[in-house]
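Subject: Handover of a structure and notes on its contents

Dear colleague,

I am handing over to you the structure shown below. Please keep it open while you read the notes that come after it.

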Amino acid sequence: MNKIFFIPFAFVSFFLFAQSSNIGFNTATPTATLDIVSKSNTSATKALEINSSSSELIKVINTGNVGINIGTSTPTALLHVNSAGVLNIRHENLPGLSSPAYTLPFNKLGVDASGNSVIMPVTVKYLYYQQLSNYPSTYSFATNTGGFSLYDPNQYINIPIINDAGLKGNSAGFTFGTDASATVNGQSVSNVKYIVIPEPGVYSFEAWGSIRCNRYNNTQNYSFSGQININTVFATASGSTYTSNTFSRGIINASRDNSGDTTNVSYAFSNAQILMHTLQTTVPNQKVALFFQYVSGEPNQLTHNECLLNIPTGGDTSYYIIITKS
């Protein structure tokens, strides 16, 4: 009799749960397809536990904390994972996000030394280039030749930013290139060293350089009367066509030595050129470059490539460029 009674009872109980579509544990009124209610409300109470033959694999305690591979320990965080001897989290075919998809309210997630999830501090994106030698390297102090001239406003002299020993930092991920031939404001130039800004955004540029022009072949007699006006030009490019975005005008004075002091022989100009500029880019991979341009003063004097970017007395740099992303 006992066997005959038990089988129909079990069958009817299962049927009733299937008809309601919800199954409950420790509740007579399940509100979900599978509704599990903890036996008590303490933090150590387990609402769900999945075991292998020898250890606890996954557990959910009454507080809602989930533990994975933590053995008999109680999970102490919303998600507590023990990665000892196994891979922690593996993402396959995870899509890469480009700006602005990863901007606020999304944050950079990291892990501290204790294994706790933390928000990583923002890393300043920048480029710092420092030229520790006179430029160009072809300049000869024996003959004062091999540099560049400063007499023609239609001539643009490129200030190179290149990936060599002078590159002191590049957390912004700028890339570098050379245009064998190009135009700047409609004027032909060659061998333009440029950089590429990979991401749209707002960038601040600071450039500094010291120009010196010596008398040609140490024999040219100049009748310098005062000063030369020079533009430091910041240009953006479409293809190999560069257009001035902004410029900073500086002055170099005659009859000065590397310290800026007057000299009895009018043989050199020496003065710093400075450019400060903020650029907002709206497209990825924007090309930019820097140039010097003669404007006016001492007409038709320095025509023999006797100028260079030099290291002033007491200094260690002929020019530098700093770019930061706001």
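The notes below cover strands, salt bridges, one lysine and a cavity. Please bear in mind throughout that this is a predicted model.

Strand pairing

I begin with strand E13, residues 175–184, and strand E14, residues 187–197. These two strands run antiparallel to each other and are paired over 9 bridges. To find your place along the pair, look for serine 181, which stands opposite serine 190 in E14. E13 and E14 together form a hairpin, with 2 residues between them. In that turn, asparagine 185 has a positive phi of about 50°.

E14 also pairs with strand E19, which spans residues 286–296. This pairing is again in the antiparallel sense, over 3 bridges. Here isoleucine 197 has glutamine 286 of E19 as its bridge partner.

Salt bridges

How many salt bridges does a search of the whole structure find? The search gives 5.

One of the salt bridges joins the side chains of lysine 59 and glutamate 56, with 2.4 Å from N to O. Are these two residues buried or exposed? Lysine 59 has a relative accessible area of 2%, under the 20% limit, and therefore counts as buried. Glutamate 56 is at 12% relative accessibility, so it is buried as well. Both residues also belong to a network of salt bridges that links Lys46, Glu49, Glu56 and Lys59.

A further salt bridge is formed by glutamate 199 and lysine 125, whose closest N and O atoms are 3.2 Å apart. This pair connects distant parts of the chain, its members being 74 residues apart. Glutamate 199 is in the loop between E14 and strand E15 (201–213), while lysine 125 is in the loop between strand E8 (117–119) and strand E9 (126–131). Glutamate 199 has a relative accessible area of 22%, which makes it partly exposed. Lysine 125, with 23%, is partly exposed too.

Lysine 287 and its contacts

Lysine 287 forms a salt bridge with aspartate 179, and the closest N and O atoms of the two are 2.9 Å apart. This pair, too, links distant parts of the chain: lysine 287 is in strand E19 and aspartate 179 is in strand E13, 108 residues apart. Both lysine 287 and aspartate 179 are buried. For lysine 287 the relative accessible area is 13%.

What else lies by the side chain of lysine 287? The backbone oxygen of glycine 239 is 2.7 Å from a polar atom of that side chain. The side chains of lysine 287 and aspartate 179 also count as making a polar contact, at 2.9 Å.

The cavity

Finally, the structure holds 1 cavity of 30 Å³ or more. The space in the largest cavity comes to about 50 Å³. Its lining is made up of Ile159, Ala207, Trp208, Gly209, Thr232, Gln273, Phe292, Leu309 and Tyr319. Which element gives the largest share of this lining? That element is E15, which supplies 3 residues. Sorted by class, the lining has 6 nonpolar and 3 polar residues, and no charged ones.

Yours sincerely,
A colleague

Note on methods:
Residues numbered from 1 in each chain as written. Predicted model: local features only at pLDDT ≥ 70, side-chain atom pairs only at ≥ 80, totals over all residues. Heavy atoms only, no water. Pairing = 2+ DSSP bridges. Helix = DSSP H or I, 4+ residues; strand = E, 2+ residues; numbered from the N terminus. Salt bridge = Lys/Arg side-chain N within 4 Å of Asp/Glu carboxyl O. Buried < 20%, exposed > 50% of the residue type's maximum accessible area, 1.4 Å probe, protein only. 1 Å grid on protein atoms, 1.4 Å probe; cavity = no way out; pocket = protein on both sides within 12 Å on 5 of 7 lines; lining within 4 Å. Points joined across faces, edges and corners; volume = space filled by probe spheres on them. Nonpolar A, V, L, I, M, F, W, Y, C, P; charged D, E, K, R; others polar. Polar contact = N/O pair within 3.5 Å; in protein donor to acceptor, adjacent residues only side chain to side chain.
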